[in-house]
Amino acid sequence: MADEIQKVKRDIALNHAMIFIGTGISVYTTNGEQEFSHWKGLLKDGLQRCHQSGWINDKELENFNNKFDNSTAEVDDYLLVADRIKYCFKMKSDTTTKDDVYKAWLRETVGKLSIRKPEVIKAIGDSGCPILTTNYDSLLEDILDKKPLTWNKYYTYGIDNSLDNLKNYILHLHVDFEVSDSMVLSINDDDRNEEHESGQS
């Protein structure tokens, strides 16, 4: 173990390392006080809103929540819920007034996460390594004063992918709530991401 730790330290010192951040960091940084800091909590909120709008019936809501609460939900269940939520919000959106319910939902949930314990993210920033994340929020950017970089902008603008250059950004591999078109929440989003990557290769 000591040898592995020393190797990691050398890689960081030589600028040969990148840090991957998952939802555990967001949960910690918000002190676990906000359910929207992780995928399950965000989806449960979306389900509830769809149910209130009549797009999901009582039985469906109960079945989904039971799977989430009993930790029996599998990846396909999460993706199914995400697809239902996006469909529901699409139906609720008003194209005439450009009232995008999906974007509004993201701003009201992921966009309002509060920083409670920033020390871990600050320590990650002190490493000087480029940071990649699948998180939806902007906690990393807010604490480290870095710019967000979504997968679509990365490919569209042909940004230099050297480690030195990527240090200036937080690279969102799947999501960025402020640019909902880039957000990979459901099966269709992931397929769109793969198609975009194939088109760039």
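Predicted model: local features only at pLDDT ≥ 70, side-chain atom pairs only at ≥ 80, totals over all residues.
**Exercise 1. How many aromatic pairs does the structure hold?**

Step 1. The structure holds five aromatic pairs. One of them joins Trp-39 and Tyr-78, which are stacked, with 5.0 Å from centre to centre and 20 degrees between the planes.

Step 2. Now place the two residues. Trp-39 sits in helix H3 and Tyr-78 in helix H5, 39 residues apart, and the pair thus links distant parts of the chain.

Step 3. Trp-39 is partly exposed because its relative accessible area is 24%. Tyr-78 has 15%, so this residue is buried.

Step 4. Turn to Phe-89 and Trp-105. Their rings form a tilted pair, 5.0 Å centre to centre and with 50 degrees between the planes. This pair also links distant parts of the chain, with Phe-89 in helix H5 and Trp-105 in helix H6, 16 residues apart. Both Phe-89 and Trp-105 are buried.

Step 5. Finally, look for a group of rings. Ring pairs link Trp-39, Phe-68 and Tyr-78 into a cluster.

**Exercise 2. Find what the salt bridge between Lys-44 and Asp-69 ties together.**

Step 1. Start with the two side chains. Lys-44 and Asp-69 meet in a salt bridge, at 2.5 Å from N to O.

Step 2. Locate both ends. Lys-44 belongs to helix H3 and Asp-69 to helix H4 (residues 58–69), so the bridge ties together parts that are 25 residues apart in sequence.

Step 3. Asp-69, at 48%, counts as partly exposed.

**Exercise 3. Which residue forms a salt bridge with Asp-77?**

Step 1. The partner is Lys-67, with the closest N and O atoms 3.1 Å apart.

Step 2. Asp-77 lies in helix H5 and Lys-67 in helix H4, so the pair ties together parts that are ten residues apart in sequence.

Step 3. Take the exposure of each end. Asp-77 is buried because its relative accessible area is 14%. Lys-67, at 35% relative accessibility, counts as partly exposed.

**Exercise 4. Identify the buried residues of helix H6 and some of what covers them.**

Step 1. Helix H6 runs over residues 101–108, and its buried residues are Val-101, Tyr-102, Ala-104, Trp-105 and Leu-106.

Step 2. Look for the cover. It includes helix H3 (39–52) and helix H5 (75–92).

Step 3. Trp-105 of helix H6 pairs with Phe-89 of helix H5.

**Exercise 5. Which residues form a nonpolar patch on the surface together with Tyr-87?**

Step 1. The patch consists of Trp-55, Tyr-87 and Met-91, with about 310 Å² of accessible area together.

Step 2. Tyr-87 is found in helix H5. At 46% relative accessibility, Tyr-87 counts as partly exposed.

**Exercise 6. Are Cys-88 and Cys-129 buried or exposed?**

Step 1. Cys-88 counts as buried, because its relative accessibility is 1%.

Step 2. Cys-129 has 6% relative accessibility and so counts as buried.

Step 3. The structure holds zero of them.

**Exercise 7. Describe the protein chain as a whole.**

Step 1. Count the elements. The chain has eleven helices and four strands.

Step 2. Look at burial. Of its 201 residues, 37% count as buried.

Step 3. Turn to the contacts. Among those between residues at least 6 apart in sequence, 67% join residues at least 24 apart.

Step 4. End with the surface. The accessible surface comes to about 11300 Å², and 48% of that belongs to carbon and sulfur atoms.

Conventions. Residues numbered from 1 in each chain as written. Heavy atoms only, no water. Disulfide = S-S within 2.5 Å. Buried < 20%, exposed > 50% of the residue type's maximum accessible area, 1.4 Å probe, protein only. Helix = DSSP H or I, 4+ residues; strand = E, 2+ residues; numbered from the N terminus. Contact = heavy atoms within 4.5 Å. Patch = residues over 30% accessible without salt bridge, like charges linked within 9 Å, V, L, I, M, F, W, Y side chains within 5 Å. Areas by Shrake-Rupley, 256 points an atom, 1.4 Å probe, with all protein chains shown as cover. Salt bridge = Lys/Arg side-chain N within 4 Å of Asp/Glu carboxyl O. Phe/Tyr/Trp six-rings, centres within 6.5 Å; stacked < 30°, edge-to-face > 60°.
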